[in-house]
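These are my notebook entries on a single model. I set down what I looked up, entry by entry.

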Amino acid sequence: MRNRFIGIISLCMVFSLLSGCGSVQAKDSTVPLSYSEEAREIIPDCEFYVIKDGGHEFFGQPFEDAMSYILPYLEGQLSGERVSETSESEEAEAMLQMTIGGIPVEVEWEDNESVDCLTSGAVCRQMWNIRHLSTNYPRGQGQNGGADSMKYTKLGNSDLNVSRICMGCMGFGDAGRGQHSWTLDEEHSREIIKRGLKLGVNFYDTAIAYQSGTSEQYVGRALRDFAKREDVVVATKFLPRTQEEIENGISGQQHIENMIDTSLQNLGMDYVDLYIYHMWDWQTPLEDIMDGLSRIVKAGKARYIGISNCFAWQIAKANALAEKEGFARFVSIQGHYNLIFREEEREMVPYCEEEKIALTPYSALASGRLSRLPGEGGTKRAQEDAYAKFKYDATAAQDNVIIERVAELAKKRGVTMTEVSLAWLLTKVTSPVVGATKFHHIEGAVGAVDLELTPEEIMYLEEPYVPHPLAGVMAQNKPAAAKEKEWFPLLQ
């Protein structure tokens with residue numbers, strides 16, 4: 001269950017902070033206050049008035065860890081301004097952008113009453129149900145926005161230089177036009193993309209299937225407005241032929257040309273850097289697929305090609321055919337791989353290491369499960385994403401053992417669960433695809449780049465894993481499922 005917290009922050013605290021005071025003491029002795037030792041040294045002798053919300057503890061995951069992360073930055077300055085307000089689940093949701101000691105801080109809360117926010121040295125005097133609190137400068141980032149701390153690497157055998165974090169764009173798009181009801185509208189999608197660019201993320205992954213192409217449209221417009229085309233690496237994906245196309249005699253080559261032309265129109269671009277075969281097409285000859293992809297590379301519509309949701313033997317067969325016929329070869333694989341689903345390690349990971357093929361896995365945080373303790377969250381996606389439940393609910397009991405170890409290690413290291421989970425994955429892959437629908441999602445992902453786990457910590461996280469049955473698209477990667485319309489929309 002997600003912990004919820006209510007606190008009343010006295011103006012005394014504000015004035016004390018403004019004057020640079022230090023240790024925090026509770027007026028209500030029934031409420032435990034637990035700050036890091038570093039924070040206590042910086043803030044001695046401030047009064048902090050707090051209360052409880054029913055039986056919920058005031059401090060706990062994730063608020064305690066967030067406060068421990070932020071408080072060391074306090075330097076005696078606090079200012080705030082309310083910047084937005086929306087309606088969700090019959091509760092008003094608002095956001096307060098604050099600056100503490102020159103460090104931007106994002107605070108989200110739910111409040112059934114109007115929020116009376118003052119600026120320049122005061123804070124809201126309402127009771128808050130605090131949902132999230134994070135600095136805008138995650139681990140390893142400077143006050144210039146963090147782009148200089150991002151790390152980059154080559155994408156397999158290509159000459160594409162990509163950030164170690166790829167922003168997954170499945171969460172962007174018109175919520176009324178696709179499989180997912182929880183996606184962001186264009187305005188909020190643009191803000192997330194803009195934030196990613198500022199943090200140094202140059203790799204963006206979308207698909208024609210995401211919300212009927214509206215994800216591509218949002219991503220394309222945002223990147224055109226906020227970045228130079230040559231400074232970003234754009235990947236999109238295409239679907240197999242439909243039964244209607246097959247009946248109408250549309251070849252695999254023509255299908256791929258139609259798909260790339262539609263995606264380029266959606267993106268408003270002349271080319272994509274990486275064009276990905278989204279899932280294996282059992283009804284189309286492999287030679288037609290590889291020929292069609294090679295043609296669009298020669299035409300300059302795609303610089304390189306990748307593949308997603310396939311077995312090791314499938315990519316090996318495809319690249320062997322490409323080498324024999326002089327076609328373009330796959331330089332990357334986007335498979336289902338994370339700390340609680342490691343089946344790719346059997347054959348795909350060693351094959352790609354041998355062939356220098358980039359691993360850019362999706363579901364890097366297991367649809368959020370690796371970023372919070374079991375029962376926490378309460379997000380719109382957690383409630384409505386039936387496909388994520390299909391992938392993970394059946395193995396929840398065994399997965400929770402690992403998730404609890406992630407939380408334990410995160411608390412010990414003073415970082416978020418997101419950072420620990422992705423830091424582990426970054427020891428295995430080129431650039432994980434990480435979805436982001438809030439600022440702290442991409443900030444936590446970027447923070448993971450600078451987190452180095454010890455061999456003992458890696459072993460501790462990996463030790464409880466047990467083999468999992470195939471889930472998601474890979475569970476339908478078989479000839480018998482090819483004609484079933486039900487599996488067609490099952491995309492990551």
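This is a predicted model: local features need pLDDT of at least 70, side-chain atom pairs count only at pLDDT 80 or more; totals for chains, interfaces and linings use all residues.

Residues are numbered from 1 along each chain as its sequence is written, and side-chain values use heavy atoms, with hydrogens and water left out.

I turned to aromatic pairs, for which the ring centres of Phe, Tyr and Trp (its six-membered ring) must lie within 6.5 Å; planes under 30 degrees apart count as stacked, over 60 as edge-to-face and the rest as tilted. The count by this rule is eight pairs. I examined tryptophan 282 and tryptophan 313, whose ring centres are 6.3 Å apart with planes at 55°, so the pair is tilted. This pair links distant parts of the chain, 31 residues apart: tryptophan 282 is in the loop between β13 (272-277) and α8 (286-298), and tryptophan 313 is in helix α9 (residues 312-325). I used helices (H or I, at least four residues) and strands (E, at least two) as DSSP runs, numbered from the N terminus.

I checked accessibility, calling a residue buried under 20% relative accessible area, exposed over 50% and partly exposed in between (1.4 Å probe, protein chains only). Tryptophan 282 is partly exposed at 29%, and tryptophan 313 is partly exposed at 43%.

I then followed strand β13, of which six of six residues are buried. Strand β12 (residues 233-238) runs parallel to β13 and is joined to it by four bridges; two strands pair if DSSP finds at least two bridges between them. In this pairing phenylalanine 238 stands opposite tyrosine 277. β13 also pairs with strand β14 (residues 302-308) in the parallel sense, over five bridges, and isoleucine 276 stands opposite glycine 306 of β14.

I looked up glutamate 216, which lies in helix α5 (residues 214-226). Is glutamate 216 buried or exposed? Its relative accessibility is 0%, so glutamate 216 counts as buried. Beyond its neighbours within four places in sequence, I found glutamate 216 in contact (heavy atoms within 4.5 Å) with Thr206, Ala207, Ile208, Thr236, Ser263, Asn266 and Leu267. The side chains of glutamate 216 and threonine 236 make a polar contact at 2.6 Å. A polar contact is a pair of N or O atoms within 3.5 Å; within protein, one must be able to donate a hydrogen and the other to accept it, and residues adjacent in sequence count only if both atoms are side-chain atoms.

I searched for disulfides (cysteine sulfur atoms within 2.5 Å) and found zero. For cysteine 169 the nearest cysteine sulfur, that of cysteine 166, is 7.2 Å away; cysteine 169 is buried at 0%.
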